Amino acid sequence: MNIRQLQFFIEVARHKNFTKAAEALNIVQPAVSMAIRQLEEEMELTLFNRSNRQVSLTAEGVVLLAHAKRILEDFQAASMEMADLKGLQKGEVRLGIPPMMSTYFFPSIILEFNRMHPHLQLTVLGEGTGNIQQKINSGDLDMGVIAGGQAPESLEVRHILREEIVACIPAGHPFTMRQSITIQEFAAQPLIMFNQGYYQREMLLEFFLKIPDVQPQVVFETNLFSLVKSLVKRGLGVATLLRMVAEDDHDLSAVSFDPPLHLDLMLAWKKGAYLSHANKAFVDFLMAQLQMYGDQR
């Protein structure tokens with residue numbers, strides 16, 4: 001048994017398919033099949049049921065999967081600690097950021113971090129809060145920016161930012177003459193919503209459930225906030241965006257809610273996980289930049 005075999009085993013278990021696992025690993029499918037077959041021969045156990053097109057773990061495979069994940073996490077932690085002995089001359093930060101934040105807040109932070117630490121690799125993935133949390137827990141991300149008031153117990157968090165959520169209204173709409181609108185008034189409009197897994201969507205749906213005799217009309221769903229802005233401008237419907245995003249476009253109006261709505265953003269990583277020097281450097285740098293941002297505001 002070796003680390004490579006366990007990596008292949010975990011990917012096949014995750015995707016329930018040898019071909020998809022090979023694609024995720026960026027290798028050919030026969031290599032995955034051979035590695036799993038060798039692993040089964042070495043252990044003298046059958047790890048996967050192969051009775052149909054979608055493979056599934058046997059009882060023995062379920063037991064091995066728990067051990068394999070722990071072994072791989074320990075191996076990765078050991079690799080990072082060894083790299084840390086070399087200082088900040090080498091390392092990687094794998095960061096998840098919601099799409100809006102990656103465009104309107106983080107570019108300058110990323111550029112400055114790269115200037116200060118040119119030898120560190122910063123890899124950024126644009127995802128919703130739900131997907132970021134899953135990828136942190138699975139080890140696919142080191143840390144990420146998530147939204148919400150309370151983080152899962154599996155994550156360690158630091159509050160980093162609070163931004164107002166506003167109604168994004170096209171020019172000529174009656175709401176543009178208002179200082180604020182209620183959730184009830186907003187819910188009665190044709191709505192452009194973010195996809196499932198995005199915090200703003202889940203928050204709005206919770207509010208809508210509390211409104212009697214209102215059936216929200218969702219006319220379009222997307223995870224592309226630039227498309228949201230474009231469709232609002234063309235009159236398809238109204239949407240919610242962060243104020244920093246809505247105010248950036250002069251063809252749109254940003255109208256506050258009454259009472260006001262806010263989005264709390266937190267930097268999160270897996271509780272109890274080893275944070276490499278590279279990750280610690282990014283956390284310290286981000287918190288310092290946020291302090292300056294708050295002072296400027």
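## A nonpolar patch on the surface

Let's start on the outside: Val219, Phe220 and Leu236 make up a nonpolar surface patch, and together they have about 200 Å² of accessible area. Keep in mind that this is a predicted model.

Look for Leu236 in the loop between helix H10 (225-233) and strand S10 (239-242). Its relative accessibility is 36%, so Leu236 counts as partly exposed. Leaving aside residues up to four places away in sequence, Leu236 touches Pro190, Ile192, Val219, Phe220 and Leu231. For a sense of distance, take Gln179, which is 57 residues from Leu236 along the chain: the C-alpha atoms of these two are separated by 22 Å.

## Helix H10 and what follows

After H10 comes Gly235, which has a positive phi, near 85°.

## Strands side by side

Now move to strand S3. S3 (residues 91-97) and strand S4 (residues 120-126) run parallel and are joined by seven bridges. Within this pairing, Arg94 sits opposite Thr123 of S4.

S3 also pairs with strand S5 (residues 143-147); these two run parallel as well, with two bridges between them. Here Leu95 has Met143 in S5 as its bridge partner. As background, side chains in a regular strand alternate between the two faces of the sheet.

## Salt bridges

Opposite charges are worth a look too. Side chains of opposite charge can pair when their charged atoms come close. How many salt bridges does the count come to? The count comes to 13.

One of them joins the side chains of Asp140 and Arg14, at 3.6 Å from N to O. Asp140 belongs to the loop between helix H7 (129-138) and S5, while Arg14 is in helix H1 (residues 3-15), so this pair ties together parts that are 126 residues apart in sequence. Asp140 is partly exposed because its relative accessibility is 34%, and Arg14 is partly exposed too, with a relative accessible area of 39%. These two also belong to a network of salt bridges that links Glu11, Arg14 and Asp140.

Next up is Arg50, which makes a salt bridge with Glu40, and their closest N and O atoms are 3.0 Å apart. With Arg50 in the loop between strand S1 (48-49) and strand S2 (56-57), and Glu40 in helix H3 (residues 29-43), the pair ties together parts ten residues apart in sequence.

Arg94 has 24% relative accessibility and so counts as partly exposed; Asp142, at 13%, counts as buried.

## The nonpolar cores

What about the inside? The largest nonpolar core has 62 residues, and the members touching the most others are Met101, Phe106, Phe186, Phe208, Leu241 and Leu267. Take Phe208 as an example: its contacts are Ile183, Phe186, Ala187, Leu191, Met193 and Pro216, with residues up to four places away in sequence not counted.

A few spots in the backbone deserve a stop. The peptide bond from Asp258 to Pro259 is cis, with omega near 0°. You'll find Pro259 in the loop between strand S11 (252-257) and strand S12 (261-270).

Lys16 is not a glycine, yet it has a positive phi of about 55°. Lys16 is placed in the loop between H1 and helix H2 (18-25), and it counts as partly exposed because its relative accessibility is 39%. Glu44 also has a positive phi, near 55°, and is a residue other than glycine. Glu44 lies in the loop between H3 and S1, and with a relative accessible area of 73%, Glu44 is exposed.

Note on methods:
Residues are numbered from 1 along each chain as its sequence is written. This is a predicted model: local features need pLDDT of at least 70, side-chain atom pairs count only at pLDDT 80 or more; totals for chains, interfaces and linings use all residues. Side-chain values use heavy atoms; hydrogens and water are left out. Patches are made of residues with over 30% relative accessible area and no salt bridge: like charges are joined within 9 Å, nonpolar side chains (Val, Leu, Ile, Met, Phe, Trp, Tyr) within 5 Å. Accessible areas come from the Shrake-Rupley method with a 1.4 Å probe; for residues, only the protein chains shown count as cover. A salt bridge is a side-chain nitrogen of Lys or Arg within 4 Å of a carboxyl oxygen of Asp or Glu. Helices (H or I, at least four residues) and strands (E, at least two) are DSSP runs, numbered from the N terminus. Buried means under 20% relative accessible area, exposed over 50%, partly exposed in between (1.4 Å probe, protein chains only). Two strands pair if DSSP finds at least two bridges between them. A nonpolar core is a set of buried Ala, Val, Leu, Ile, Met, Phe, Trp, Tyr and Cys residues joined through side-chain atoms within 4.5 Å. Contact means heavy atoms within 4.5 Å.
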